[in-house]
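Thanks for making time this morning. I would like to walk you through one model, beginning with a single residue and then widening the view.

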Amino acid sequence: MTQPILAAAEAINLDFYKAVTFGGFTFHVNTILATVVAGAVVLGAGLYVRRRATAGVPGKAQLAWEVVIGAIERQVERTIGPRGRRVVPLAFALFAFILIASWLELIPGGPHPKALPPPTGDINLTAALAVLVIVGVHAASIRAKGLRGYLRHYFRPMWWLFPLNLLEELAKPMSLALRLFGNVFAGMIMVVLIAELFPPFVAPLPLVVWKLFAMFVALLQALIFALLTILYFETALATDEDEPKAQVGPMQPGEVI
Amino acid sequence: MLAATNNFLVPNATFLVELVAFLAVFGIVARFLAPPLRRAMERRQREIEAGLARGEEADRRLREAEIAYQESLARARREARVIRDDARAVGDHLREEGRRRGQEEHDRLVRRAEADIEASLARAREALRREAASLGAAPPALSVGRRPEPVGS
C-alpha cells in the first residue's frame with residue numbers, strides 16, 4: 001500500500017537551488033539571479049513613480065506606493081514617534097522587496113532548479129534580511145540609549161532575567177529569517193507535490209488555487225516582516241522615560257495592562 | 001531517496017551576495033525614491049490643508065457678512081421706523097397747525113364781516129337820521145339792521 005507512495009516520493013525533486021562552487025565558496029546562482037530580478041522590478045517601479053510623481057492627482061502607480069508608504073509612516077508614527085522617520089524607508093524597502101521576490105513564484109518554470117525561484121525560499125536571503133534588520137536595531141539602540149543603557153536593558157526588569165533576554169535577542173533574527181523562509185519554502189514544496197502527485201489533466205486547477213493562496217501568504221509575510229521591523233526598532237529606541245514603571249500592588253478593578 | 005542537496009538551512013556564500021544586493025536596493029529606495037514621493041505627499045497635504053483653511057475662512061466671512069447684513073437691516077428698519085414716526089408727528093402737527101390757522105382766519109373773517117355789517121348798519125342809520133332830520137320828521141322805527149342770520153343756519 002505504501003510502496004506506490006514511496007516510489008512517487010522518490011521521484012519528487014526538491015532541489016530548488018542551482019549551486020555553483022567558486023573559489024571554495026558555494027553560490028546559489030538562480031537565487032542570486034532572482035534577487036537581482038526582484039530588485040530590478042522594485043527599483044524600476046520606483047523610478048517610474050518618481051519620474052511621474054506629482055502633488056496633484058496621483059496616478060495609479062504613485063497611489064499604490066503612497067498607500068503603502070503612508071500606512072508605514074502612520075504605523076511608525078503611532079509606535080515610535082517622530083524619531084522613527086528613518087525606519088520608514090527600511091520597512092518600505094523590505095515590504096516591497098519581499099513581496100516582489102515571493103511573487104516570482106508565479107512565474108512558471110520547468111523542473112527544479114528553476115531559473116527564477118522565489119529567492120525568499122532560500123535561507124540565504126531571509127537570513128541576510130534578518131541580520132540586516134537586527135544589526136540595525138542594535139545599532140539604533142546603542143545610539144539612542146548609549147552603550148551602558150543598551151547593556152543595562154538586558155538586565156531589566158530583573159537582573160536574573162538576563163539569560164532570557166539574551167535568548168530573546170538571539171531568537172529574533174532566527175524567527176524573522178525562518179518564518180519567511182518556511183512559508184515560501186513550504187509553498188514551493190506544495191507546488192512540486194501538486195504537480196507530481198496529481199494527474200497532468202487535473203493538476204492545473206489545484207496549482208492555480210495554491211498559487212493564489214501563496215500570493216496571499218507572500219503578502220502577509222511581507223507585511224509581518226515590515227511590521228516586526230518597526231516593532232523591533234520601537235523597542236530599541238524606547239528610552240527609560242518610555243518604559244512603563246513597575247506596578248506595585250494588585251490590579252484595581254477596571255485597570256487595563 | 002529524495003534528490004540529495006546541501007543542507008538548505010545552512011547559509012553559504014550566497015548570504016553575502018544577498019546582503020549586498022538588498023543593501024543596494026535599500027540605499028536607492030531611501031536616497032532617491034522615497035524622498036521625492038514623501039515631498040509630493042507632504043506638498044499635497046499642505047495644499048489640501050490650505051484649501052480647507054481657505055474654505056473655513058470663506059465660511060467664517062460668509063457668517064460674518066450674514067450677521068453684518070442682518071444688523072444693517074435691523075438698523076435700517078429702526079431708522080425707518082423713527083423717520084416714519086417723526087414724519088407722522090410732523091404731519092399731525094402741520095395738520096393741527098393748519099386747522100388752527102384756518103379756524104383763526106375763519107373767526108377773523110367772521111368778526112370782520114360782523115364789524116363791516118355793524119358799520120354799514122351804523123352808516124345806514126346815520127343816513128336815515130340825517131335824511132329824517134332834513135325832512136323834519138321823527139325818525140322811523142329802526143327796523144333796519146337786523147343782525148344777519150349766521151351763515152348756514
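Let me start with Thr14(B), which counts as buried at 0% relative accessibility, where buried means under 20% relative accessible area, exposed over 50%, and partly exposed in between, with a 1.4 Å probe and protein chains only. Before going on, this is a predicted model, in which local features need pLDDT of at least 70 and side-chain atom pairs count only at pLDDT 80 or more, while totals for chains, interfaces and linings use all residues. Residues are numbered from 1 along each chain as its sequence is written, chains are lettered from A and ligands numbered from 1 in the order in which they are written, and side-chain values use heavy atoms, with hydrogens and water left out.

What does the side chain of Thr14(B) reach? It reaches the backbone nitrogen of His28(A) at 2.8 Å, and it also makes a polar contact, at 2.6 Å, with the side chain of Asn12(B). Thr14(B) lies in helix H1 of chain B, residues 14-135, and chain B has one helix and zero strands. Of the 153 residues of chain B, 12% count as buried.

Turning to chain A, Phe162(A) is found in helix H6, residues 162-197, and Phe162(A) is partly exposed, with a relative accessible area of 31%.

Finally, helix H5 of chain A, residues 123-152, has 30 residues, yet its end C-alpha atoms are only 32 Å apart, short of the 44 Å that a straight helix would reach at 1.5 Å a residue. Helices here are DSSP runs (H or I, at least four residues; strands E, at least two), and a polar contact is a pair of N or O atoms within 3.5 Å, one able to donate a hydrogen and the other to accept it.

Definitions and conventions
Expected span 1.5 Å × (residues − 1).
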